[in-house]
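Here are a few exercises to work through with the model open beside you. Try each task before you read the solution.

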There are 2 protein chains.
Amino acid sequence: MKLDHGLLLYEGKAKRVFSTNNTEEVLVEFKDDATAFNAQKRAQIEGKGRLNCLITGKIFKILSKRGLPTHFLNTESDTWMLVQKVNIIPLEIVVRNIASGSLCRETPLRPGKELSAPLIDLYYKDDKLGDPLITDQRIEILGLASSEIIYEIKELALKTNSILREFFLKAGILLVDFKLEMGFNLKGKLLIADEFSPDNCRLWDLNVDDSTQKIMDKDRFRLDLGGVLDSYEEIYRRIKDIAF
Amino acid sequence: MKLDHGLLLYEGKAKRVFSTNNTEEVLVEFKDDATAFNAQKRAQIEGKGRLNCLITGKIFKILSKRGLPTHFLNTESDTWMLVQKVNIIPLEIVVRNIASGSLCRETPLRPGKELSAPLIDLYYKDDKLGDPLITDQRIEILGLASSEIIYEIKELALKTNSILREFFLKAGILLVDFKLEMGFNLKGKLLIADEFSPDNCRLWDLNVDDSTQKIMDKDRFRLDLGGVLDSYEEIYRRIKDIAF
């Protein structure tokens, strides 16, 4: 389905952003493109855009209902979402409950180790530099955010984690880690933006013991485990009717 | 010159540590081995151990005189130093005044850019992991140091920077950045330990304009610029008689 939209403002790896008649709102189209390892691995997964759009819509509605500020306004169709226009802060905000991925390459923590407290890792969004880990002081020195904004970002990320961890548990799913992006709307308010989908988080099926079979997220694509779309569909099936 | 010492307790890339009759003190011998790029590049530079020992002794005396706690006790000979025994915290504490090295590979900052404030980067000392950059929260989660100790470490690093920046200026040298290590002595007091030498800092000759010729530190070895020993000798010549 195509929506009536304005100019293409931005095209990323997984989404396109278009202008609308309202300068404070933009339309986001979710694409079927899958990329991993800084876009060195690429594929088309038909139907992924639809599921990521539906899952993101559901999650943002939950967060709004719990009082968190997000850019989400409405799901316009299976692959289109209307959101507030935001100036994205060039940081990937990763919250981790269980050690996995790059954390295990950069510390002695073993994959699967439960962390004593949720860990927030911030990465500098820059493809050329390979999205490196960044410290709070480097963020300040680069002028990406003040210490007050960094604090606000972390508070919002922790609240998101505590809401969604409980939410996914109700669906029999463990929220291992996830990435958020945030930005300021035209009024200068900090909002959770971008998406929340299995492309940007790790979700493990609590009904499955096998360490590979339990993976429901983009690691199925990264690790060539197959069944990517079925798994995304299963996530949506389990969460879509949870009133929370 | 060989000193009367006890058992070899530890051998690193540039130093050997020996026990003494006093359980609270150890002897450190500075070696002529030079390594760079996580020991992928290696060489022997005759006389380097002597200069690093003499420079470290001078710097630690300056820091002590200014009231900072260091492990330094005495320079026993040109290559041997008597120090308090410390349990080293496995962190490389890097203070930067000017952007250089890995900071320029991990951010858009260009080499030579003066930072708006001294930047403290902490790295996890682990050769197998390649000494990765580490955030304060990762340090806490790994149990390497509490937030209070991290604060103390940073305060001590900043004080060191402010003293040494001024000290090197008197010698016509710009202190670009440097690495410290710290640890606890047997009484549990936090001390600046290890060494302070041109192997672990960047020093630029303020009397020279040429961006390569002005380099006085281990970058001469890393970048194959030659004249490593002459340059270390020149540093010692300029600082050894500065009363500060």
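**Exercise 1. Work out the strand order of the open sheet in chain B, and find which strands stand at the edges.**

Step 1: Trace the order. Five strands make up this open sheet of the predicted model, running β1-β2-β3-β7-β6 in chain B with antiparallel pairing. (Strands are DSSP runs of E, at least two residues, numbered from the N terminus; two of them pair if DSSP finds at least two bridges between them.)

Step 2: Look at the ends. β1 (8-11) and β6 (72-75) of chain B each have a single partner strand, so one side of each lacks a neighbour in the sheet.

Step 3: From one strand to the next it averages 25°, with axes fitted as lines to C-alpha atoms and angles running from 0 to 180 degrees between N-to-C directions.

Step 4: β6(B) is joined to β7 (residues 80-84) of chain B by 3 bridges, antiparallel, and B:F72 has B:V83 in β7(B) as its bridge partner.

As a reminder, strands of a sheet pair through backbone hydrogen bonds, either parallel or antiparallel.

**Exercise 2. Find which residue takes a positive phi in the hairpin of β4(A) and β5(A), then do likewise for β4(B) and β5(B).**

Step 1: Start in chain A. Strands β4 (residues 33-36) and β5 (residues 41-44) of chain A run antiparallel, joined by 4 bridges, and A:A36 is partnered by A:K41.

Step 2: Check the turn. There are 4 residues between the strands, and A:F37 has a positive phi near 55°.

Step 3: Move to chain B. β4 (residues 33-36) and β5 (residues 41-44) of chain B pair antiparallel over 4 bridges, with B:A36 opposite B:K41. Again 4 residues sit between the strands, and B:F37 takes the positive phi, near 55°.

**Exercise 3. Describe the largest cavity and its lining.**

Step 1: Get the volume. The largest cavity holds about 50 Å³. (A cavity is a set of points on a 1 Å grid over the protein atoms alone where a 1.4 Å probe fits but cannot get out; lining residues have an atom within 4 Å of a point. Points are joined across faces, edges and corners, and the volume is the space filled by probe spheres set on them.)

Step 2: List the lining: A:E24, A:Q84, A:K85, A:N185, A:L186 and A:K187.

Step 3: Sort the residues. You get 1 nonpolar, 2 polar and 3 charged. (Ala, Val, Leu, Ile, Met, Phe, Trp, Tyr, Cys and Pro count as nonpolar, Asp, Glu, Lys and Arg as charged, the others, Gly among them, as polar.)

**Notes.** Residues are numbered from 1 along each chain as its sequence is written, and chains are lettered from A, ligands numbered from 1, in the order written. Local features need pLDDT of at least 70, side-chain atom pairs count only at pLDDT 80 or more, totals for chains, interfaces and linings use all residues, and side-chain values use heavy atoms, without hydrogens and water.

How values were computed
On a 1 Å grid over the protein atoms alone, a cavity is a set of points where a 1.4 Å probe fits but cannot get out, and a pocket is an open set with protein on both sides within 12 Å along at least five of seven lines; lining residues have an atom within 4 Å of a point.
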